Amino acid sequence: DGEVHINELKNGNAEMFWNPTSEVRRQRLKRHIVLFEEQTDFESERLWQHVTSAINKGDQHKATQEKFVLEEEQRNAARERRENGTEWKPLLSQHDATTNEWRYKYEDLRPWDPLNDIAQFEKNGILQTMERHLSTRMSNHKTTCINNQITRHKRSAEDCRRRKTSDQPSNHSQNTESSCSTPESVQELSDDDGKYLGFESLCAQCGKEMNHLKEIHSAVLSLQRAQQDIHR
């Protein structure tokens, strides 16, 4: 929340790097932290508490000592694991062989979707997003619409078969082709298959909302590609 300066030691010049205005301070996000007594031993605030305390007191020597103690404990723990043949498995990070970097397992690089995303939060170190599941509701509505059309088609085919049976002479060949046909496996039809088999198009609400979702999806993909380029 305060000013940050860059001090050039060679010539003694000082440059303003960051100076938040009152408007910026008002817009800051509310900070949510786990209570200190509820933190585990390896959470940063607890693990580095003595280093932090020394820095806040301006005691650089003490801060360096406390930092050395922590790092030495980590080295000893790593040495013991090697001697015991114990593999270290990070809970929240994974190694990227391509870039030879360690990355957060649950990073979310997709653009924020104001139509579906409500809030983003971290629970037990895992980044999570609360969503409205608009696409799921749309999918359910579309499925109901298609199922209704399939039911109507099956009834129509059944009526057609009954008319065919009543109109045919008793000695008529059973192989006579009919203008009526029934799909062999209606349950396995895809949305596109339904169109080819003569089903009605999606209802007006379905069609309008699906077109809207396609436009949103296209825009999101474009933003996502740009964001990934920036990230790289």
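Predicted model: local features only at pLDDT ≥ 70, side-chain atom pairs only at ≥ 80, totals over all residues.
The protein contains seven helices and six strands. Read from the N terminus, the elements follow the order β-β-α-α-α-α-β-β-β-β-α-α-α. The chain is 232 residues long, and 12% of these residues count as buried.

The largest pocket has a volume of about 1,100 Å³. Its lining is made up of 25 residues, and Thr40, Phe42, Glu43, Leu91 and Leu92 are those that lie nearest the centre of the pocket. Three elements, namely helix H2 (44-47), helix H4 (60-84) and strand E5 (117-123), each supply at least two residues of this lining. Helix H4 gives the most, with five residues. By residue class, the lining of the largest pocket divides into 10 nonpolar, eight polar and seven charged residues.

A nonpolar patch is found on the surface, formed by Val4, Ile6, Phe17, Trp18 and Val24. Together these residues have about 460 Å² of accessible area. Strand E1 (4-7) and strand E2 (14-18) are the elements that give two or more residues to the patch. Val4 is placed in strand E1. This residue counts as partly exposed because its relative accessibility is 36%, which falls between the limits of 20% for buried and 50% for exposed.

Salt bridges were examined next. Side chains of opposite charge can pair when their charged atoms come close. The count of salt bridges in the model comes to 10. One of these joins the side chains of Arg103 and Glu107, with an N to O distance of 2.8 Å. Glu107 has a relative accessibility of 32% and therefore counts as partly exposed.

Arg110 takes part in two of the pairings described here. In one, the side chain of Arg110 meets that of Asp108 in a salt bridge, at 3.5 Å from N to O. In the other, Arg110 forms a salt bridge with Glu131, and the closest N and O atoms are 3.4 Å apart. Arg110 lies in the loop between strand E4 (101-104) and E5, whereas Glu131 belongs to strand E6 (residues 126-131), so this pair ties together parts that are 21 residues apart in sequence. The three residues involved have relative accessible areas of 28% for Arg110, 29% for Asp108 and 29% for Glu131. Arg110 is accordingly partly exposed, as is Asp108, and Glu131 also counts as partly exposed. A further group, consisting of Lys67, Glu71, Glu72 and Arg75, is linked in a network of salt bridges.

His95 is located in strand E3 (residues 93-96). With a relative accessibility of 40%, His95 counts as partly exposed. Between His95 and Lys105 the separation is 10 residues in sequence. In space, the C-alpha to C-alpha distance of His95 and Lys105 is 9.1 Å.

The final features concern the backbone. Most residues other than glycine have a negative phi. Asn100, which is not a glycine, has a positive phi of about 55°. This residue is placed in the loop between E3 and E4. Asn100 counts as exposed because its relative accessibility is 58%, the cut-off for this class being over 50%. Asn124 likewise has a positive phi, near 55°, and is a residue other than glycine. Asn124 is placed in the loop between E5 and E6. At 69% relative accessibility, Asn124 also counts as exposed.

Conventions:
Residues numbered from 1 in each chain as written. Heavy atoms only, no water. 1 Å grid on protein atoms, 1.4 Å probe; cavity = no way out; pocket = protein on both sides within 12 Å on 5 of 7 lines; lining within 4 Å. Points joined across faces, edges and corners; volume = space filled by probe spheres on them. Helix = DSSP H or I, 4+ residues; strand = E, 2+ residues; numbered from the N terminus. Nonpolar A, V, L, I, M, F, W, Y, C, P; charged D, E, K, R; others polar. Patch = residues over 30% accessible without salt bridge, like charges linked within 9 Å, V, L, I, M, F, W, Y side chains within 5 Å. Areas by Shrake-Rupley, 256 points an atom, 1.4 Å probe, with all protein chains shown as cover. Salt bridge = Lys/Arg side-chain N within 4 Å of Asp/Glu carboxyl O. Buried < 20%, exposed > 50% of the residue type's maximum accessible area, 1.4 Å probe, protein only.
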